[in-house]
Amino acid sequence: MSDAAKRSLLTGLRWTSLRLRLVVVFALVALTAAVSASGIAYWLNREAVLTRTQDSALGDFRQEMQNRAASLPLRPTKDDLQNAAVQMASSSPGYSVLLVDERDAGKPIVGNSDLDTFTLDNVPLSLQKAVNKKQPVEAGNKYEYHLFWQRVSIRGTPYLVGGTKIIGGGPTGYMLKSLDQERQDLNSLAWSLGIATGLALVGSALLAQAAATTVLRPVQRLGDAARKLGEGKLDTRLVVSGTDELADLSRTFNRTASSLEKKVADMSARDEASRRFVADMSHELRTPLTALTAVTEVLEDEADSLDPMIAPAVHLVVSETRRLNDLVENLMEVTRFDAGTARLVLDTVDVADQVTACIDARAWLDAVDLDAERGMMVRLDPRRLDVILANLIGNALKHGGSPVRVSVRTEGDELVIEVRDHGPGIPEDVLPHVFDRFYKASASRPRSEGSGLGLSIAMENAHIHGGDITAANSPDGDGAVFVLRLPRDAEPLTRSAGDHDAGVQDEEGDAT
């Protein structure tokens, strides 16, 4: 059995499965109905069979008592009683007869048709008392004695015992009728009803399975289509047939999917247009910015010889030009990440040398305390690591407090770089947003030296390596702590991603 078939079978057998619940409900309803119908049918047939047999035997016994027992002499002998009992039993529909009378006062005599089968001990005392009890004759009762009967079990076999007394003087008669044949007939009926109930249960289960399949197949198709839609396959549609509620649901799904596909396509088009605009704008700005940068460098060199009234303006132009240049470079870096064109250029480097070079290139040696052992070799993109470190350390120096401590260590297959400052820390409401683009902690100062893209670019560079950056406040309340985690070897990541352009370096851009 294939894995898909096994999963489908297990899904159908789960207790939470709608299919199983439908089958169970159908089976319970069918079982309840079948058991109720079978019980009622059995009870009605049982009463009918027993009543028919009982009425037939008692009616014949009453008639025989009138015809034979009533014609006996007033003081019959034992032989008279015996012969009468045999004659009554021989003409009866299968019952034994027992006749009781008195020859002398206090000396009862008994005659029976079958001594081995029926004796006075087989007659319940309660029945004997009822039979021999003289009833008062009144308007509602015309006879002194009545016919009484009782069902008993003798050695596991059911019997009907009946008795009456001759009115006006005569023997008391009892009859014993076996109900074993009726019990067998009722047992056969019970088995038949049980088999019918079982067949009804099986039939209901098959019917429930068919109904569940009819109802759940469209639901399953709808679930599969919704799953595909959630996976991004927005062209998923359902084939609609029929006019029932499930067909209406399928049509609603198709309309929803079409609307969603159109909206996503529109949003993707707008997003692509926005990215293209930012990229084009950044590229267009680079040429005039290059010229402006060259001019501002000349002006900066000549600032000391300029008129003191003009020098502040020159310094402002120089700083703003550099800031604009950094912003353009950051925007170009962001567009590469958004477009998915950013690539790793891997190299094996000594982490301590790499961190030292980053700090030295920006003249931060006096403000940064480095704790890194030489010889810790990793394989990653050195330019992107420099971007990450420059942003983390620069952010700590700008917004934290000196000294800034950078510690480097390895944990298993991970490279861990921790950047800690000794400033006031990061407000709790700011922590979740420190890596958001263009986010600034102070809304009252929307204009500052930073663009709000540095930490976001650092996070993107960590992600492209398969790593991550976390930000938190120091447990002792002294400053903020940024922890960078990168795999020590990013080569498997590029292979698994099918990065065939890993050896082609993208445009240089320093996002500090």
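## Ground rules

Helices (H or I, at least four residues) and strands (E, at least two) are DSSP runs, numbered from the N terminus. What you're looking at is a predicted model, where local features need pLDDT of at least 70 and side-chain atom pairs count only at pLDDT 80 or more, while totals for chains, interfaces and linings use all residues. Residues are numbered from 1 along each chain as its sequence is written, and side-chain values use heavy atoms, with hydrogens and water left out.

## The chain as a whole

The chain has 11 helices and 12 strands. It runs to 512 residues, and 36% of them count as buried. Here buried means under 20% relative accessible area, exposed means over 50%, and partly exposed is in between (1.4 Å probe, protein chains only). Contact, in turn, means heavy atoms within 4.5 Å. Among contacts between residues at least 6 apart in sequence, 64% join residues at least 24 apart.

## Helix H2 and the UniProt segment

An unreviewed UniProt entry lists residues 20-44 as "transmembrane region"; such annotations may be inferred rather than shown by experiment, feature names are shortened, and positions are in the numbering used here. In the model, residues 20-44 are 100% helix and 0% strand, with the end C-alpha atoms 35 Å apart.

Helix H2 spans residues 18-67, and Glu64 sits in it. Glu64 counts as buried because its relative accessibility is 9%. Leaving aside residues up to four places away in sequence, Glu64 touches Ala69, Met88, Ser91 and Tyr95.

Now for helix H4 (residues 125-132), where Leu127, Gln128 and Val131 are buried. These three cover an arc of only 100° around the axis, so they lie on the same side of H4; the arc is that of the directions from the helix axis to the C-beta atoms. The buried residues of H4 pack against strands E3 (148-154), E4 (157-165) and E5 (172-178). On the face turned away from that buried side, you'll find the exposed residues Leu125 and Lys129.

## Two loop residues with positive phi

Arg155 lies in the loop between E3 and E4. Its phi is positive, about 50°, although Arg155 is not a glycine. With 72% relative accessibility, Arg155 counts as exposed.

Ala363 is in the loop between helix H8 (351-361) and strand E7 (368-371). Ala363 isn't a glycine either, yet it has a positive phi of about 60°. At 67% relative accessibility, Ala363 counts as exposed.

Asn325 counts as partly exposed because its relative accessibility is 25%. Its contacts, not counting residues up to four places away in sequence, are Leu289 and Thr293. Asn325 and Leu292 are 33 residues apart in sequence and 9.5 Å apart in space, C-alpha to C-alpha.

## Where H9 meets H10

Two packed helices are described by the angle between their axes and the distance between the axes. For helix H9 (residues 382-399) and helix H10 (residues 454-464), the angle is about 145° and the axes are 9 Å apart. The axes are lines fitted to C-alpha atoms, for helices over the stretch in contact, and angles run from 0 to 180 degrees between N-to-C directions. H9 passes H10 in a left-handed crossing, meaning that the near helix is turned anticlockwise from the far one by less than a right angle.

From H9, the residues involved are Arg384, Val387, Ile388, Asn391, Leu392 and Asn395, and they meet Gly454, Leu455, Ile457, Ala458, Asn461, Ala462 and Ile464 of H10. By class, this contact has eight nonpolar, four polar and one charged residues. Ala, Val, Leu, Ile, Met, Phe, Trp, Tyr, Cys and Pro count as nonpolar, Asp, Glu, Lys and Arg as charged, and the others, Gly among them, as polar.
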